[in-house]
Structures are given as C-alpha cells and as structure tokens.
Amino acid sequence: MREKSDMRSRFRLIQGGLRCQTSFGPIRIVAAPEDSPPFGIDALVVEEDTWLIMSAEPKIGEPEEHPVRLMADLLKARPKSVGSVLVKGQNPMHFMAVVHDVNQDPTWREEWIESALKEIFRQAERRKLRAIGLPLLGTIHGKLANQRFGELLTRALVQTPFKHLRCLWLIAPTPINSEIIELLQSMLIDT
C-alpha cells in the first residue's frame, strides 16, 4: 500500500471552467454562469425594454385590480428612456437597464447599452454598493457581439471613478467566460 504523501503528489489542481476572473483597479471581475454566482451581490442588472415587458413575469389568472383601473393605468403609461436604469427592490436591488425599444428594428443600439452601463456604475457608486451582477447587455435579446460588449464595458469602467464597487459578476454562459475575461484583460491593459 502506498503512503498518503506519495498519492497526494500525483494529484494537481486543474482550474475549473465555470469561472474566469481579472481585475480593474480595486474591482474583481468574475465571469460565471447565472447558476454559479461567485459571490453575493447587492444589485442584479436586468436587460429591459422601454415598456418594461422583457423582465415581467408571465402571470395567468384573474387580475388583482379592477379592469377599469387597469385600462386607466395603461392609458397613463409612458415608455422609459433608452439608456436609462430604473432601480427597484432590495436584497438584491434590481437595476433595470433599458437597452431595447421594441418599436425599432433592431430593438437595441450600442449607444443605449453604453449609456446604461455608465448609469449602472453611477447608481452603484451613489448607493455605495460593493458587488453587482451584470449580464452581457445586448447579447441576450440582441445580436451585439461579445467583443463589442467588452469594448463598451471597458469604456464605462475607465470613465467611472470607483470608490465603493469591489466585485463585478459578469453573468455569461461557460463557453463565453474565458473569452470575455481575456478580452477585458487585453483592453484594460491598453487603457
């Protein structure tokens, strides 16, 4: 029978593929899938449209309000501005990033995504948040290339004076994790 130390020397740690990470100043940036959060978050970003229907939960059944009141509310409803971020809830907060206008084709634009990214970081700093979860905006319900998202994200990171944010979870499927982190590393080095 072999000794334990002999057995241990034959094993080595292999980095898993679920998470990849880099840093930008004091911010640890980790790319991981939605079902594998790398840390707790104070806010979760949700990709949204001007009428806030993309993140709405489908509800079947009788309306909770009288139909006349529902119709009156619908008549008063106004679309949200593209590029804006609405903050709702707590533990975690939801940052609703309005990057789509369903009345346009395509429904998204790079400048809306970039504006939303800057506003997400501004809101996080204003609220003194330490960790947020951010999907790759424009790649979920749009056809923005991952590389272009990385460029927009890099620009927003560089333009934001961070005092509080310490962890950024990029919510991305496993095959994209290493790609987006390598891309960020190369772009952040050049800044």
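I began with lysine 128, which lies in the loop between H3 and S6; helices (H or I, at least four residues) and strands (E, at least two) are DSSP runs numbered from the N terminus. This is a predicted model, in which local features need pLDDT of at least 70 and side-chain atom pairs count only at pLDDT 80 or more, while totals for chains, interfaces and linings use all residues. Residues are numbered from 1 along each chain as its sequence is written, and side-chain values use heavy atoms, with hydrogens and water left out.

Entry 1: I looked up the backbone of lysine 128 and found phi near 60°, a positive value in a residue other than glycine. Lysine 128 counts as exposed, at 56% relative accessibility; buried means under 20% relative accessible area, exposed over 50%, and partly exposed in between (1.4 Å probe, protein chains only). Asparagine 91 also has a positive phi, near 50°, and I placed this residue in the loop between S4 and S5. Asparagine 91 is exposed, with a relative accessible area of 76%.

**Entry 2: the cis peptide bonds.** I noted a cis peptide bond between asparagine 91 and proline 92, with omega about -5°, and proline 92 sits in the loop between S4 and S5. Another cis peptide bond joins aspartate 105 and proline 106, where omega is about -5°, and proline 106 belongs to the loop between S5 and H3.

**Entry 3: helix H3.** I then followed H3, residues 110-126, which has 17 residues and reaches 24 Å from its first C-alpha to its last, close to the 24 Å expected at 1.5 Å a residue; the expected span is 1.5 Å times one less than the number of residues. Which residues of H3 are buried? I listed Trp112, Ile113, Glu114, Ala116, Leu117, Glu119, Ile120, Phe121, Gln123, Ala124 and Glu125. What covers these buried residues includes strands S3 (43-49), S4 (85-88), S5 (93-100), S6 (131-135) and S7 (167-171), together with helix H4 (146-159).

**Entry 4: isoleucine 113.** Leaving aside residues up to four places away in sequence, I found isoleucine 113 touching Val99, Trp108, Leu137, Gly138, Leu144 and Leu152, where contact means heavy atoms within 4.5 Å. The C-alpha atoms of isoleucine 113 and phenylalanine 149 are separated by 8.4 Å, although these residues are 36 apart along the chain.

**Entry 5: a surface patch.** On the surface I looked at Trp51, Ile53 and Val102, which form a nonpolar patch with about 280 Å² of accessible area together. Tryptophan 51 lies in the loop between S3 and helix H2 (67-76), and this residue is partly exposed, with a relative accessible area of 38%.

**Entry 6: the whole chain.** I recorded five helices and seven strands in the protein chain, running α-β-β-β-α-β-β-α-β-α-β-α from the N terminus on. Of the 191 residues in the protein chain, buried ones make up 42%. Among contacts between residues at least 6 apart in sequence, 71% join residues at least 24 apart. The accessible surface comes to about 11,900 Å², of which 53% belongs to carbon and sulfur atoms.

**Terms for the surface entries.** Accessible areas come from the Shrake-Rupley method with a 1.4 Å probe, and for residues only the protein chains shown count as cover. Patches are made of residues with over 30% relative accessible area and no salt bridge, with like charges joined within 9 Å and nonpolar side chains (Val, Leu, Ile, Met, Phe, Trp, Tyr) within 5 Å. A salt bridge is a side-chain nitrogen of Lys or Arg within 4 Å of a carboxyl oxygen of Asp or Glu.
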